[in-house]
Every structure is written in structure tokens, then in C-alpha cells.
Amino acid sequence: MGLIELASGKSVWRGMDYYNEKKVLSWDKTGDFTYDGTVSGSNGEIYDVHIDKEHQRKSTCTCLFAEGRRVICKHMIALLFTAEPKQADDFMKQVEEYEAEAEAREKQHYIDLKKYVMSLSKAELQERLYDALCELEYYTRVTW
């Protein structure tokens, strides 16, 4: 599992923003699997970042979110994408492929749903409809 998989979705997307905005001010490859760099934060703060691709939880950042915790922050992702732009390209390619497949998944969902409904007897269908209407009514009251 890599840094991207360990980071929250929000951290990955904000890291991508920081990468695109060129907020990584400097960086060095410090080992076979490590990078050190400085990243500009959203309010102009400067954070010291260390990423370790082999031992991801040893990655560190001086930001409030990550300092003293074993989490992956947006600054670490920005450094990774800057040091290895192919990682950013591969991530975006995966996102685009997933979104392109979304229409096919949705279409298949409705095909499966229709098959299920058509497989029910009249009594089963009436019971499921009644249950669904009661649940809808309940959630409508609760959320209002």
C-alpha cells in the first residue's frame, strides 16, 4: 500500500491541488525511497516534509494535521506528486477510468434492479412497496 492509498481522499485531492499550484518550494531525493522537501501551506506557512515510500508511516510533516501523528497529509502527497509526476498522472488516469465506467455501472444497476423486481410475486412486490413507502415516509419526517 502506498502513500496515496493511506491518505484520506481529501488529503489526496488537496495534495493534487498543491502539486498543480506548485506549492512544493524545494525537494531532494534523500534515499532510494525517501524525499525531503518544503511545502508552502494555504496561509503561506512553510512546512518541512519527509516522505518514505517504503515505510509510509515513517513519513512526517510539520503541519498541524500530521505533526506527531502517523497520517499522510496533503503536503506529503504534493511532495510525492512533485518528485514523481508519473504518480500524479497515474492517479488522474485511474480517476478518469473510474468515472468513464460509472455510466456502465449505473446502467447495469438498473438492469439488475428490474430483474429483481420482475422476479417478485405480486404479494412480495406489494410487501416490498409498502415497506419502502413506510421507510421513505419515516426518513422524510426525520430529515425535515
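Reader: Which residue in β3 stands opposite Ser40?

Author: Happy to start there, keeping in mind that this is a predicted model. Ser40 belongs to strand β2, residues 34-40, and that strand is joined to β3, residues 46-52, in the antiparallel sense. Val39 faces Tyr47 across this pairing. For Ser40, the residue opposite in β3 is Ile46.

Reader: How many bridges join β2 to β3?

Author: The two strands form a hairpin with five residues between them. They run antiparallel, and the number of bridges joining β2 to β3 is seven.

Reader: Which residue in the turn between β2 and β3 has a positive phi?

Author: Look at the five residues between the two strands of this hairpin.

Reader: Which residue is the bridge partner of Ser26 in β2?

Author: Strands β1 and β2 make a hairpin with four residues between them. Their pairing is antiparallel, over five bridges. Within β2, the partner of Ser26 is Thr38.

Reader: And on the other side, which residue in β4 stands opposite Val49?

Author: This takes us to the antiparallel pair of β3 and β4, which has two bridges. The β4 residue opposite Val49 is Cys61.

Reader: Is Lys22 buried or exposed?

Author: Lys22 sits in the loop between α2 (9-20) and β1. Its phi is near 55°, a positive value in a residue other than glycine. Because its relative accessibility is 67% and the cut-off is over 50%, Lys22 counts as exposed.

Reader: How many salt bridges does the structure hold?

Author: Let me show you some of them before the total. Among them are Asp17 with Arg14 and Lys86 with Asp90. Glu84 with Lys53 is another one. The total for the structure is four.

Reader: Why are Asp17 and Arg14 separated by about one helical turn?

Author: Their side chains meet in a salt bridge of 3.0 Å, N to O. Asp17 is partly exposed at 30% relative accessibility, and Arg14 is partly exposed at 28%. The separation is about one helical turn because they are three residues apart in helix α2.

Reader: How many residues apart in sequence are the parts tied together by Glu84 and Lys53?

Author: The side chains of Glu84 and Lys53 meet at 2.7 Å, N to O. Glu84 lies in the loop between α3 (74-83) and α4, while Lys53 lies in the loop between β3 and β4. Glu84 counts as buried at 16% relative accessibility, whereas Lys53 is partly exposed at 28%. The pair therefore ties together parts whose distance apart in sequence is 31 residues.

Reader: Which helix holds Lys86 and Asp90?

Author: These two side chains form a salt bridge at 2.9 Å, N to O. Lys86 is exposed, with a relative accessible area of 57%, and Asp90 is partly exposed at 34%. They are four residues apart, about one helical turn, in helix α4.

Reader: Which helix gives the nonpolar patch its largest share?

Author: The patch is formed on the surface by Tyr110, Leu113, Tyr116, Val117, Met118 and Leu125, with about 580 Å² of accessible area together. Leu113 is partly exposed, at 38% relative accessible area. The largest share, five residues, comes from helix α4.

Reader: Where is Glu135, a member of the negative patch?

Author: Glu135 forms a negative surface patch with Glu124, Glu127 and Asp131. Its relative accessible area is 47%, which means that Glu135 is partly exposed. Its place is in helix α5 (residues 122-143).

Terms used:
Residues numbered from 1 in each chain as written. Predicted model: local features only at pLDDT ≥ 70, side-chain atom pairs only at ≥ 80, totals over all residues. Heavy atoms only, no water. Patch = residues over 30% accessible without salt bridge, like charges linked within 9 Å, V, L, I, M, F, W, Y side chains within 5 Å. Areas by Shrake-Rupley, 256 points an atom, 1.4 Å probe, with all protein chains shown as cover. Lys, Arg positive; Asp, Glu negative; His and termini not counted. Charge placed at Lys NZ, Arg CZ, Asp CG, Glu CD. Buried < 20%, exposed > 50% of the residue type's maximum accessible area, 1.4 Å probe, protein only. Pairing = 2+ DSSP bridges.
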